[in-house]
Amino acid sequence: MPMIFTCRNGFRMRPGFYSGSVPKVAYTPAHRIIHYPSEARANVCDSFEMRSFLIFACLCAIAHAQFPSSFGTPRNQGSFSQQGFGSQAFKPSYNQAPAQNRFDTQPQVKQSAGSCREANERYPVSGSCDRYVECINGTAEEKLCPDGLRFNPNVNFNVYPCQYPNEVACLERSALQPAQPTDECPHQFAYLKLGDAKNCSGFRSCVNGVAYDFVCPEGLAFSSESYRCEWPDQVQDCDAEAFLGFRCPAVPTTKELGEPAGYRFYRSDTNCQKFFLCIDGRPRALSCGGDNAFDELTSTCVLADEISVCPNELRAAAARSREEEKQREAQEEKLRSKIPQKRRF
């Protein structure tokens, strides 16, 4: 039976059942207690009681560090603090604002720029065509379009709202910022027509005050209204006949049939590959590509070696193209003849 004795503090000890000077407590039934002489019992118990006191003091220090408000602070105080391991302190106060205001996570709206009816929206500044208010996450900010552009309130929120004047109808929003011209451009952003009514194809694009000149594809004219290259008969300030160098012949009318309906084709007198389409007496210039030329009999594009008015160089090139096409067709036919055909049953 192991030998156990009782210390003054009530702990029951088993002598020798410890490592070094650190005793280990053993709780046993009372009938198994054996009392050692007081000298041996005193040495072990004193050491154990000192260790117990140090452990208790350390526990108190840790508790005070974790819960400082629980030591020496009267209850029902104005504030309290709780902090766990690895977390920040949470310190509400009974004297603060109501809870619904303390925990509001939404950013405050800048009322100086305007108010927001929706979290993400844009709307124009009253009376201005290039100023607007942009709301992002409920925060309003007044913005100004670059010089030469207008604010368009009808675009989607994910689209840049500043556009060219041809796309925005300001109407009563007539106020604009002062122009910022350069040596080449009247505004920082703009599209300008170059030339007169007889030279309609050139235009200029201004980007950040820098000019870039362009020319429309052959037969098209720049429109100052749409900022695009259009048929010259559809551009108001372009003389289509003078620009294209062709005037549609007058078509005779009869009392029985009236004015002729539809449209007519006319080959150019200077270029056999070029022809004109007349719609309502206004010309449009078109062209045949490659080694083709316009045939007035069929009103289609054919190989130029069939058109006698074409230059010899073009007719010779068309003849070579025709011969190469024949050789290619012959090779394809030869290859097809070598492929066995399926029998029909």
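The chain has 15 salt bridges, a salt bridge being a side-chain nitrogen of Lys or Arg within 4 Å of a carboxyl oxygen of Asp or Glu. The structure is a predicted model, in which local features need pLDDT of at least 70 and side-chain atom pairs count only at pLDDT 80 or more, while totals for chains, interfaces and linings use all residues. Residues are numbered from 1 along each chain as its sequence is written, and side-chain values use heavy atoms, with hydrogens and water left out.

**The whole chain**

Of its 345 residues, 28% count as buried. Buried means under 20% relative accessible area, exposed means over 50%, and partly exposed is in between (1.4 Å probe, protein chains only). The accessible surface is about 24,300 Å², and 52% of that belongs to carbon and sulfur atoms. Such areas come from the Shrake-Rupley method with a 1.4 Å probe; for residues, only the protein chains shown count as cover.

Contact here means heavy atoms within 4.5 Å. Among contacts between residues at least 6 apart in sequence, 35% join residues at least 24 apart.

Next, colour the chain by pLDDT, the predictor's confidence in each residue, from 0 to 100. The mean is 77, and 66% of the residues reach 70 or more. Two stretches to select are residues 1–6 and residues 69–112. In residues 1–6 pLDDT stays under 50, and the model has 33 contacts beyond four places in sequence for them. Residues 69–112 also stay under 50, with 36 such contacts.

**Arginine 122 and glutamate 134**

Select these two side chains. They form a salt bridge whose closest N and O atoms are 2.8 Å apart. Glutamate 134 is in strand S5 (residues 131–136) and arginine 122 in strand S4 (residues 121–124), so the pair ties together parts that are 12 residues apart in sequence. Is glutamate 134 buried or exposed? Its relative accessibility is 8%, so glutamate 134 counts as buried. Arginine 122, at 18%, counts as buried too.

**Lysine 274 and glutamate 218**

Move on to lysine 274, which forms a salt bridge with glutamate 218; the closest N and O atoms are 3.9 Å apart. Lysine 274 lies in strand S15 and glutamate 218 in the loop between S11 and strand S12 (221–222), so this pair ties together parts that are 56 residues apart in sequence. Lysine 274 counts as buried because its relative accessibility is 19%, whereas glutamate 218, at 66%, counts as exposed.

Stay with strand S15 and show its partner. Strands S14 (residues 264–267) and S15 (residues 274–279) run antiparallel and are joined by 4 bridges; strands count as paired if DSSP finds at least two bridges between them. The two form a hairpin with 6 residues between them. Which residue in S15 stands opposite arginine 264? That residue is cysteine 278.

**Arginine 322 and glutamate 306**

Select arginine 322 and glutamate 306, whose side chains meet in a salt bridge (2.8 Å, N to O). The pair links distant parts of the chain, with arginine 322 in helix H4 (residues 312–338) and glutamate 306 in the loop between strand S18 (300–303) and H4, 16 residues apart. Arginine 322 counts as partly exposed at 25% relative accessibility, and so does glutamate 306 at 48%.

**A nonpolar surface patch**

Show the surface and select Val207, Val210, Tyr212 and Phe214. These residues form a nonpolar patch with about 330 Å² of accessible area together. Patches are made of residues with over 30% relative accessible area and no salt bridge, like charges being joined within 9 Å and nonpolar side chains (Val, Leu, Ile, Met, Phe, Trp, Tyr) within 5 Å. Strand S11 (residues 210–215) supplies the largest share of the patch, 3 residues. Tyrosine 212 is in this strand and is partly exposed, with a relative accessible area of 42%.

**Glutamine 180**

The last stop is glutamine 180, in the loop between strand S8 (162–163) and strand S9 (190–193). At 39% relative accessibility, glutamine 180 counts as partly exposed. Which residues does glutamine 180 contact, leaving aside its neighbours within four places in sequence? They are Asp147, Pro186, His187 and Gln188.
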